[in-house]
Amino acid sequence: MSIKELIKRRRSVRTFDEKPLSETDRNKLMGYALNADNPFGVPVEFRLLDVKASGLSSPVIVGAREYLAAKVMKTENFEVAFGYSFEKICLDALSIGVGTVMLAASLSRSAFEKAMELSDGEVMPLASPVGYPSDKMSIRETLMRKALRADKRKSSDELFFFKNFENSLTENEAGDYVEALEAVRLAPSAGNGQPWRIVVDGDKIHFYEAKSMKDSPLGDIQKLDVGIAIAHFDLVRKENGIDGKFTVSNPGIVVPNNICYIATFDRVK
Ligand SMILES: Cc1cc2nc3c(=O)[nH]c(=O)nc-3n(C[C@H](O)[C@H](O)[C@H](O)COP(=O)(O)O)c2cc1C
């Protein structure tokens, strides 16, 4: 299945069918984890954790036996890098029929952190159950999805801009980035807040965060969201044969209140 198709089909899974992962799928997942790099060069270390052995729980998850968790050093760009690498694995997991949902809040954090053996300066921003989706969602999951409006996304003209934040991007101006931008729009985010904003300026695509939450000791959770959106953009532009790389170099475009610059995709022709 193409990455565009995977992104369209992806949804958070909170109800699993109780079956343990097959040995083949477990090995595949660990293989993906070894390759879950990111354009920011920040190493992210993944581990598969057993629910019973590590005493893990989540109030929103039913029927999962294992979790995928990851830790990262609190260095420059760590949140964006972490979001990127974690989402890459979640899409890889979906490609073999394994469901995921990123959990930053709804988890027994101290048990997870203990199992991850965090050292000084390391954080575990989130973890995800991994397993086979149940045919039927729990009532709680159905209600949560309604409350979060999880199947809805902001419209393109609220998210994407041309040259500066005063002009919404038209389809014509988006050119061959249309599919990569649609993949950004469909990305998952904490509380479905969709804090990513993009300014397209010729060969440069600038990514911003619309910050509406305070930082926690774990960092800025909305930067994880922007990292996830960058992963969607990057994987689709690669699939579509668009060459280039990410840099962090603020172009100095005038920004509305609470909008922060994150990174730029620089196209190579
Ligand atoms: C960084 C991040 C943190 C999240 N934390 C939680 C969480 O603590 N509990 C939860 O039930 N869902 C959590 N989610 C899942 C979002 O609620 C979900 O992605 C959003 O509602 C959109 O739904 P969808 O993923 O099905 O498209 C998180 C998602 C992200 C990206």
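Why does G121 count as exposed? Because G121 has 10 C-beta neighbours inside 10 Å; the cut-off for exposed is 12 or fewer other C-beta atoms within 10 Å, buried takes 20 or more, partly exposed is in between, and the C-beta atoms are placed from the backbone.

Quick caveat before I go on. What you're looking at is a predicted model, where local features need pLDDT of at least 70, side-chain atom pairs count only at pLDDT 80 or more, and totals for chains, interfaces and linings use all residues. Residues are numbered from 1 along each chain as its sequence is written.

Okay, back to G121. You'll find G121 in the loop between α5 (109–115) and β3 (122–123). Helices here are DSSP runs of H or I with at least four residues, strands are E runs of at least two, and both are numbered from the N terminus. Leaving out residues up to four places away in sequence, G121 touches M73 and K74, where contact means C-beta atoms, placed from the backbone, within 7 Å. And T75 sits 46 residues from G121 in sequence, yet the two are 8.5 Å apart in space, C-alpha to C-alpha.

Now let's zoom out. The protein chain splits into domain 1 (3–140) and domain 2 (156–267), with bounds from an automatic or database domain assignment. Their centres, taken over C-alpha atoms, are 23 Å apart. Across the boundary, 21 residues of domain 1 are in contact with 27 residues of domain 2. On the domain 1 side, α1 and α4 (78–95) are the elements that give two or more residues, and α4 gives the most, with 9.

Next, the ligand. There are 21 residues around it, and S12, A105, S106, A150 and P188 come nearest; being near means a C-beta atom, placed from the backbone, within 6 Å. Helix α10 (residues 221–239) has the largest share, 4 residues.

Last stop, helix α9 (residues 178–185). Which residues of α9 are buried? A180, L181, A183 and V184 are. Looking down the axis of α9, those buried residues fall within an arc of 155°, so they line one face of the helix; that arc is taken from the directions from the helix axis to the C-beta atoms. What covers them includes α1 (3–9), β6 (196–201) and α10.

Terms used:
Two residues are in contact if their C-beta atoms, placed from the backbone, lie within 7 Å.
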